[in-house]
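Today I open my notebook on ring pairs and helix packing. Follow along with me in the viewer.

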Amino acid sequence: METSIRIRLPIEGMTCGACVARVEKALRAVPGVASAEVNLATETASVTLSAGADPQALVEAVRRAGYEARLAPERAHEARASAGWLVAVAAALTLPLFLPMLAAPFAPGWTLPAWLQFALATPVQFWLGARFYRAGAKALAAGTGNMDLLVALGTSAAWGLSTYLMLRHWGEPQPHLYFEAGAAVITLVLLGKWLEARAKRRASEAIRALAALRPERARVRRGETEIELPIEEVTAGDLIVVRPGERIAADGVIVEGATHVDESLLTGESLPVARGPGDRVIGGAVNAEGLIVVRATAVGAQSQLARIVELVETAQAKKAPIQRLVDRVSAVFVPAVLAIGTATLLAWGLASGDWERALLDAVAVLVIACPCALGLATPAAVIAGTGVAARHGILVKDAEALEVAHRVRVVAFDKTGTLTRGKPALLAIEVAPGEASAGGEGARREALAMAAAVQQASEHPLARAIVAAAKKDSLAVPSAGRVRAVPGRGVEAEVGGRRLAIGSGRWMRELAVDTAPLEARAAKWESEGLTVAWLAELRAPARALAVFAIGDEVKPEAAEAVAALARRGIETVMITGDSRAVAAAVAARLGIRDYRAEVLPEEKARAVEALRRERGAVAMVGDGINDAPALAAADLGIAMGSGTDAAMHAAGLTLMRPDPRLVASAIDVSRRTWRKIRQNLFWAFVYNAVGIPLAALGMLSPVFAGAAMAASSVSVVTNALLLSRWKPER
């Protein structure tokens, strides 16, 4: 089976949606290209190429289309911004041309000498505006048009008409010239592109912030010495020494020391989390206090940080489905505008005989019709939406996931590891009457300490749950002697001179232990799907001291997550392979009315498809390998970042911390992003639908048209940037 590779190419020279369509067409014509998507806002092309194809052919194809491309691994967030000094020089040369208008109330009829107007406008037209001529010429050579061609044609017409009138009337009373119109249009377009570049850079700041987390050097322990190495030379298995306040250089496992780790920029979790020996840590996180030694498990491109950056960049480079429609519109837009401009010139010129005025109206049509706003409407919102989502621990795999999420009507949750912690935990203790030296909480703590003493050498998951609960309560666990494990039954040991046993109800019956005082409570727990463990003293008559309920603990945030979805009008369904009793108990605790129990892994995908047919768009939330088919079958798959790679690859969204409340947050940011896309497209279409007829009817000057065109592009990107203020509901 032939493999494929994915290449990201920085593209220079694109200015509108028509440019995007042309570059995509050129790339898709290259042999071996399976798909190509070009993003105007990030100025990148994402190309899927068969393994045997020549990547250099992509660069050549882009150049033949009239643009520049590189195979250098420059990221989108490192793209160069338009030079602000060009705007400043253009403004300094253009402003004097408007002095007569400013002075009109005080000195009617005063104007700058024609030669001075020519001297001021010509550098703006042919030096500062050279970029429009270069790009427009390339478009013409490729047999098409773009925004630069519209600006170059329009401003050249204004400059040429003014120069002709100046020379024709040299030595005579000076007629009205239009040098200020062409200079103003170029200055305003340059200003708009500069502001646009700044705004796009702000929209991509989430990527830059993530990339900046990667330390450049690491302190590695080799034998008895510590040496500093460039991060590129660190390999899996190296022992990395991390001092307080430093960033962890690679993904790994702590082998020495304990600390709190700040993972906020990676997971969105605001508080530092405790980490000790055996715990995994993420490269890029900050070691808040103690010195730790980390054994590296993943470095470079394999690290979680690198995968996060790659995911977000891929999402920003991919197109939302609605953008493909916009690109098709933009591809025919420029030729249509050229036709309208020509028709305006001929219609007004032939009808009125005033060819000067007709030319200016045609210039206004060409300038105002720039489809920049149309091309930026969707990608600017997607960049801002994916960026702010990443800052809060929600990774968007592609723009389509962001577009789909706002339509979700049902969220189906897996239970284990998603709504619950995914490992056994001690949930409750009932102490037999009169069997403890202290009442109430003291009796509970005494029973737990004795149970932990018997179980502390066992590796059984239920035993680990009891020992962990004792540690959590900071209990002094006594030592145990003559420990004997009975397979399938439990463990017995001597603790403080007493012969104790902890195990199943079946073993208690075999040992003739009196469990009657606690039978009702144990039966209730078992009906809820919990596992029951008995603590008994074996001296005659043998009797139960306490009974323990062990189960998969429900996450404290789960009920809030279900309630948050309900407030948004979204129904919650739980799909689990667990028994009906366990599923019913968890569903009751969380307020979930609809649950499907005893569902086999291969049946989960069918359950999701049935929900879609019955109720509309479905999101599936899971974390395990067995959830991957269901995640892929759903309209939107949401993987818990604490889960398996298979689940993350099958999902459209990944939650970087195991908090189910982020599901509602992900839908929120999707809805807001979709709203921004619709707003941007509405105003971009309205702007052109209103502006072009007004210009064709002679109701707009080229200067106003240039200002409006620049303002439309900036307003679209600025509107998208408002998404950066979004914060998850708490």
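I looked up the aromatic rings and found that ring pairs join Phe 118, Phe 126, Tyr 133, Trp 159 and Phe 179 into a cluster. Rings of Phe, Tyr and Trp (its six-membered ring) pair if their centres lie within 6.5 Å; planes under 30 degrees apart count as stacked, over 60 as edge-to-face and the rest as tilted. I am working on a predicted model, where local features need pLDDT of at least 70, side-chain atom pairs count only at pLDDT 80 or more, and totals for chains, interfaces and linings use all residues. Residues are numbered from 1 along each chain as its sequence is written, and side-chain values use heavy atoms, leaving out hydrogens and water.

I noted 6 aromatic pairs in the structure. Phe 126 and Tyr 133 are stacked, 5.7 Å centre to centre with 25° between the planes.

How is the pair of Phe 126 and Trp 159 arranged, stacked or edge-to-face? I read edge-to-face, with 4.8 Å centre to centre and 90° between the planes. Phe 126 sits in helix α5 and Trp 159 in helix α7 (residues 147–168), 33 residues apart. Helices are DSSP runs (H or I, at least four residues), numbered from the N terminus.

I checked accessibility next: buried means under 20% relative accessible area, exposed over 50%, partly exposed in between (1.4 Å probe, protein chains only). Trp 159 is buried at 18%, while Phe 126 is partly exposed at 41%.

Methods
Helix = DSSP H or I, 4+ residues; strand = E, 2+ residues; numbered from the N terminus.
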